[in-house]
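Welcome, and thanks for taking a look at this one with us. Please have the sequence and the model open side by side as you read.

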Amino acid sequence: MPTNDADPPAELTIEEVRHLATLARLGMTDAELEKFRGELASIIGHCDVLQRVDTAGVEPTNNGADLLNVVAADEPRPSWPPRQVLANAPSRSDDLFRVRAVLE
Amino acid sequence: MPAIDPYLTLTEAAQGLRDGAFTAAELARAQLDRIAAVDGRVRAYVTVTRDEALAAAARADEALARGDAGPLTGIPIAIKDLIVTRGVRTTCSSRMLENFVPVEDATVMTRLREAGAVMLGKTNMDEFAMGSSTEHSAFFPTANPWDLARVPGGSSGGSAAAVAAGEGIVSLGSDTGGSIRQPGAFCGCVGMKPTYGRVSRYGLIAFASSLDQIGPFARNVRDAATLLQAVAGRDPRDSTSADVPVPDFSAGWDRGVEGLRIAVPRELFAGADADVLEATQAAIDQLERLGATIDREQSLPSVAHALAAYYVLAPSEASANLARYDGVTYGYSYTEGASMWENMEQTRGRGFGDEVKRRIMLGAYALSAGYYDAYYKQAQRVRTLIRREFARVFDRCDLIVTPTAPTVAFKQGAVTDPYQMYLNDVFTIPVNIAGLPAISVPCGLGEGGMPVGLHLIADHWDEATLFRAAHAYEQSAGWHTRHPSL
């Protein structure tokens with residue numbers, strides 16, 4: 001098994017992890033946050049080698065296929081009927097998805 | 001009728017069907033019986049679709065009777081459970097999608113059905129394809145058919161184990177950082193990742209969209225090429241599927257490796273175990289004896305940073321792709337909370353397993369204000385460097401050879417540190433970063449009698465050369481004919 005010349009774990013506070021969990025809408029207990037704090041700090045520490053790579057003047061590659069502005073023909077076609085769209089809805093009301101009010 | 005060998009190749013099975021040695025229904029029943037006999041131990045399948053398989057086999061027999069059969073007509077196939085299948089639950093091995101029944105087929109499924117293939121069921125995987133051992137399935141781990149105490153690799157561990165255990169003649173998996181090739185190596189079968197854009201991703205549940213590709217598992221290179229031939233090609237429903245012609249992947253195979261120049265870059269051997277290095281070196285010597293020119297002068301210095309770039313890019317894309325699981329439109333939904341937000345957080349907190357949560361949070365970190373340039377943008381620049389270095393090697397060479405994975409299959413539970421698990425993919429990840437095609441073929445047995453995989457990489461769109469060399473090696477070495485005893 002290879003070993004990695006590990007960088008020291010990145011600093012990551014419990015508040016930062018809580019903020020990430022909020023950004024990602026992941027409900028977590030304090031114990032989970034603490035577990036993820038250590039694991040994420042270790043992984044981010046390994047990824048910090050990227051900061052040492054000289055990329056001056058290098059353009060980023062942002063997709064896998066060197067494609068730019070792929071457009072579909074502007075032709076109308078039938079969309080799914082509501083029955084199909086709602087087939088896996090956890091909760092529905094007639095032809096609508098049912099959700100809790102966003103503002104209560 | 002004599003029992004049908006569960007380890008028939010696709011070529012042999014198609015011949016048997018055409019010759020009338022057995023019917024598609026008999027072949028499907030034999031494979032379903034094999035699943036019933038061994039899958040209690042292997043656990044390759046999340047869902048076995050017995051009724052659908054027998055119905056598809058009956059249709060295949062009608063096509064055969066009409067003389068209207070193609071190479072896949074009546075061939076039993078296993079499908080990784082992140083390729084959506086109309087009317088058949090598609091779980092991604094996640095609680096989030098445990099009861100999700102798609103209303104349409106992925107493009108690869110449409111093509112397989114039109115080709116007359118017989119789906120046996122949906123195979124287990126690391127949840128949302130995040131993992132290298134299939135231990136991150138939310139349901140149960142899959143065992144390696146060669147040693148049931150070991151992992152089959154991952155994330156397509158179920159698809160690899162099914163082929164290795166005789167529970168499916170071929171299968172489809174998906175490969176984002178090695179998820180076809182590494183389990184192919186661990187389970188002693190052929191696993192192949194096509195060029196990015198070769199196969200439609202429509203209906204492939206997204207993990208990291210700039211890296212994901214669907215590809216075949218098979219018992220030999222010819223079968224893998226036959227399966228890829230059936231599913232490859234432009235699809236208007238996937239804007240990243242490329243509008244490039246699909247050649248005959250089996251053209252020119254009679255030329256062997258004669259005249260091919262194969263690079264052996266030392267960076268893609270660093271950290272491999274001694275047994276893996278020994279088997280790989282023996283395979284390189286064999287390629288040389290077969291007439292290939294081995295070039296040890298080529299270098300890929302930036303691949304040293306590929307793993308770090310991948311663990312920024314893939315989680316970033318995943319954090320965006322998995323934002324759709326909100327408990328509103330489909331999937332698991334928590335409804336006991338005091339507010340809409342609490343329901344959403346609990347849906348995601350309870351519906352996703354730990355590895356998925358880790359990667360979503362890593363992505364959220366890399367994409368957040370203050371870190372975006374340092375991590376995400378920088379990883380994209382490193383991606384450019386890696387692509388350039390591969391392009392330079394392919395200016396001079398036809399193929400690159402490396403070990404598929406640094407070790408043979410490890411014991412279940414042996415790797416607990418997340419980053420240590422990620423190191424499994426250190427030789428396969430650079431290929432996804434660069435969008436190249438690559439294949440793993442069995443090249444020997446290592447520690448504990450476990451299979452070792454040889455990893456061949458070709459230039460974009462040059463699957464034909466990849467298959468040609470892999471086939472020449474495989475046929476001369478013969479490791480692919482070995483099967484585990486179950």
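This is a predicted model: local features need pLDDT of at least 70, side-chain atom pairs count only at pLDDT 80 or more; totals for chains, interfaces and linings use all residues.

Chain B is built from 15 helices and 11 strands, and its contact with chain A draws on 59 residues from chain B and 46 residues from chain A.

**Chain B as a whole**

- Along the principal axes, the C-alpha atoms of chain B fill a box of roughly 65 × 55 × 45 Å.
- A compact globule of 486 residues would have a radius of gyration near 23 Å, and the 21 Å of chain B agrees with that.
- Buried residues make up 62% of the 486 residues in chain B.
- If you take the contacts in chain B between residues at least 6 apart in sequence, 76% of them join residues at least 24 apart.

**Where chain B touches chain A**

- The contact takes 59 residues from chain B and 46 residues from chain A.
- On the chain B side, α9 (306-321), α10 (340-351), α11 (354-367), α12 (372-396) and α13 (418-422) each supply at least two residues.
- Which helix gives the most to this side of chain B? That is α12(B), with 12 residues.
- Sorted by class, this side of chain B has 30 nonpolar, 20 polar and nine charged residues.

**Helix α2 of chain A**

- Helix α2(A) covers residues 30-47, which makes 18 residues.
- From its first C-alpha to its last, α2(A) reaches 25 Å, close to the 26 Å expected at 1.5 Å a residue.
- Its buried residues are Phe36(A), Arg37(A), Glu39(A), Leu40(A), Ile43(A), Ile44(A), His46(A) and Cys47(A).
- These buried residues pack against α1 (14-23) of chain A, and also against α9, α11, α12 and α13 of chain B.

**A closer look at Val199(B)**

- Val199(B) sits in the loop of chain B between β5 (190-193) and β6 (213-218).
- Is Val199(B) buried or exposed? Val199(B) is buried, because 29 other C-beta atoms lie within 10 Å, where 20 or more are needed.
- Leaving aside residues up to four places away in sequence, Val199(B) touches Val108(B), Pro194(B), Gln213(B), Ile214(B), Gly215(B), Val231(B) and Ala232(B).
- Ser93(B) is 106 residues from Val199(B) in sequence, and the two are 23 Å apart in space, C-alpha to C-alpha.

How values were computed:
Residues are numbered from 1 along each chain as its sequence is written. Chains are lettered from A and ligands numbered from 1 in the order in which they are written. Helices (H or I, at least four residues) and strands (E, at least two) are DSSP runs, numbered from the N terminus. A residue is buried if 20 or more other C-beta atoms lie within 10 Å of its own, exposed if 12 or fewer, and partly exposed in between; C-beta atoms are placed from the backbone. Two residues are in contact if their C-beta atoms, placed from the backbone, lie within 7 Å. Ala, Val, Leu, Ile, Met, Phe, Trp, Tyr, Cys and Pro count as nonpolar, Asp, Glu, Lys and Arg as charged, and the others, Gly among them, as polar. The expected span of a helix is 1.5 Å times one less than its number of residues. The radius of gyration is taken over C-alpha atoms; the globule rule is 2.2 Å times the number of residues to the power 0.38.
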